[in-house]
Amino acid sequence: MKEYQPLVSIITVVYNGIISLEKTILSVLGQSFQNIEYIIIDGGSTDGSVDIIKKYADRLAYWVSEPDKGIYYAMNKGIDQASGEWINFMNVGDWFYSADSVNDIFGGENLNGYDLVYGNTEKRRGDKSEIYIPGDASNFYKRLMIHQSTFSRTSLNRKYKFDTTFKVSADFDFMFKVFLYKHKTLHVDVVVSSFDLVGFSHDNRYRGFSEDRVIAFKYKGNLLLSCKVYLFYVYITGIGKAIDLMKTYLPGVYKQLKKMKG
């Protein structure tokens with residue numbers, strides 16, 4: 001193991017997550033990597049989640065329970081409290097794949113010069129799971145990394161705070177900036193986290209696809225990516241809902257093409 005261990009801030013955002021919160025917490029507190037500060041941002045839970053947080057309060061660097069305006073507001077609050085060199089968001093319902101997950105990232109590779117490091121993910125749906133391996137910078141748009149398996153420099157998170165105008169896809173917006181502005185990234189071929197596919201993003205996936213399209217246009221008029229996002233939406237939702245989205249999609253395409261031409 002390397003002598004130098006950077007301080008890693010792990011942030012959990014939760015709202016009424018009593019069913020799985022304790023498992024998420026224990027996966028963080030049980031990491032073999034020693035230099036971790038753990039931050040929990042609760043959105044004013046009323047289901048007993050706060051009692052679970054209090055149970056582990058003496059092992060937390062910071063926690064708060066108060067109403068907020070959504071998941072990305074809460075994640076930004078966590079960024080404000082972080083004092084580590086790196087940040088990982090391990091939100092309620094997800095957990096580290098093993099006790100060595102953080103050490104697998106920071107115990108081996110020399111990360112000097114990298115702004116974002118990411119690994120693989122176990123994707124869960126009910127009693128089934130599969131290992132997802134994201135692409136590298138050359139095929140980022142084809143296979144995106146998942147933020148539960150991603151560690152980014154705290155300075156980067158503060159530079160590109162989550163855009164709270166997006167309710168579902170602000171993490172995609174963050175990742176887009178990282179690659180568009182050519183920050184140095186590293187893929188480490190280890191499974192970092194276990195991610196529940198039936199969660200917030202899944203429940204709001206139709207809005208998420210629409211926001212992804214907006215984000216694709218937002219940076220350099222990425223028409224190709226926007227079309228890919230839309231076609232994926234058609235595949236998932238069926239032609240009926242896709243036609244409804246097209247009513248707002250086509251005017252956006254026209255405006256962006258006109259802007260690019262000008």
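Visitor: What percentage of the residues in the chain is buried?

Guide: This is a predicted model, and in it 52% of the 262 residues are buried, a word kept for residues with under 20% relative accessible area. The chain folds into 10 helices and 9 strands, and it exposes about 13000 Å², of which carbon and sulfur atoms supply 54%.

Visitor: What makes the set around Phe106 and Phe151 a nonpolar core?

Guide: The name applies to buried nonpolar residues joined through side-chain atoms within 4.5 Å. The largest such set has 27 residues, and Phe106 and Phe151 are those with the most contacts inside it. Strands S1, S2 and S9 and helices H1, H2 and H4 each supply at least two residues of this core, with H1 giving the largest share, 4 residues. In soluble globular proteins, nonpolar side chains tend to be buried together.

Visitor: Why is the ring pair of Phe33 and Phe106 called tilted?

Guide: Planes under 30 degrees apart would count as stacked and planes over 60 as edge-to-face, with the rest called tilted. The planes of Phe33 and Phe106 stand at 45°, with 5.8 Å centre to centre, and the pair is therefore tilted. Phe33 sits in the loop between H1 and S2 and Phe106 in helix H4, 73 residues apart, which makes this a link between distant parts of the chain. Both Phe33 and Phe106 are buried.

Visitor: And why is the pair of Phe89 and Phe162 called edge-to-face?

Guide: Here the ring centres are 5.5 Å apart, and the planes meet at 70°, which is over the cut-off of 60 degrees, so the pair is edge-to-face. Phe89 belongs to strand S4 while Phe162 lies in the loop between helices H5 and H6, so the pair ties together parts that are 73 residues apart in sequence. Phe89 and Phe162 are both buried. The structure holds 7 aromatic pairs, and ring pairs also join Phe33, Trp86, Phe106 and Phe151 into a cluster.

Visitor: How do you know that S4 pairs with S1 and with strand S8?

Guide: Two strands pair if there are at least two bridges between them. S1 and S4 have 4 bridges, in the parallel sense, and Ile11 stands opposite Phe89 of S4. S4 and S8 have 2 bridges, in the antiparallel sense, and the partner of Ile87 in S8 is Ser152.

Visitor: What makes Arg124 count as a charge over the ring of Trp95?

Guide: The distance must be within 6 Å of the ring centre, and the charge must also be within 35 degrees of the ring normal. Arg124 is at 3.9 Å from the ring centre of Trp95 and lies over its face. Lys184 lies over the face of Tyr114 in turn, at 4.7 Å from the ring centre.

Visitor: Which residues of helix H3 are buried, and what covers them?

Guide: In H3, Tyr72, Ala74, Met75, Asn76, Gly78 and Ile79 are buried, and their cover includes strands S1, S2 and S4 together with helices H5 and H6.

Note on methods:
Residues are numbered from 1 along each chain as its sequence is written. This is a predicted model: local features need pLDDT of at least 70, side-chain atom pairs count only at pLDDT 80 or more; totals for chains, interfaces and linings use all residues. Side-chain values use heavy atoms; hydrogens and water are left out. Buried means under 20% relative accessible area, exposed over 50%, partly exposed in between (1.4 Å probe, protein chains only). Accessible areas come from the Shrake-Rupley method with a 1.4 Å probe; for residues, only the protein chains shown count as cover. Rings of Phe, Tyr and Trp (its six-membered ring) pair if their centres lie within 6.5 Å; planes under 30 degrees apart count as stacked, over 60 as edge-to-face and the rest as tilted. Contact means heavy atoms within 4.5 Å.
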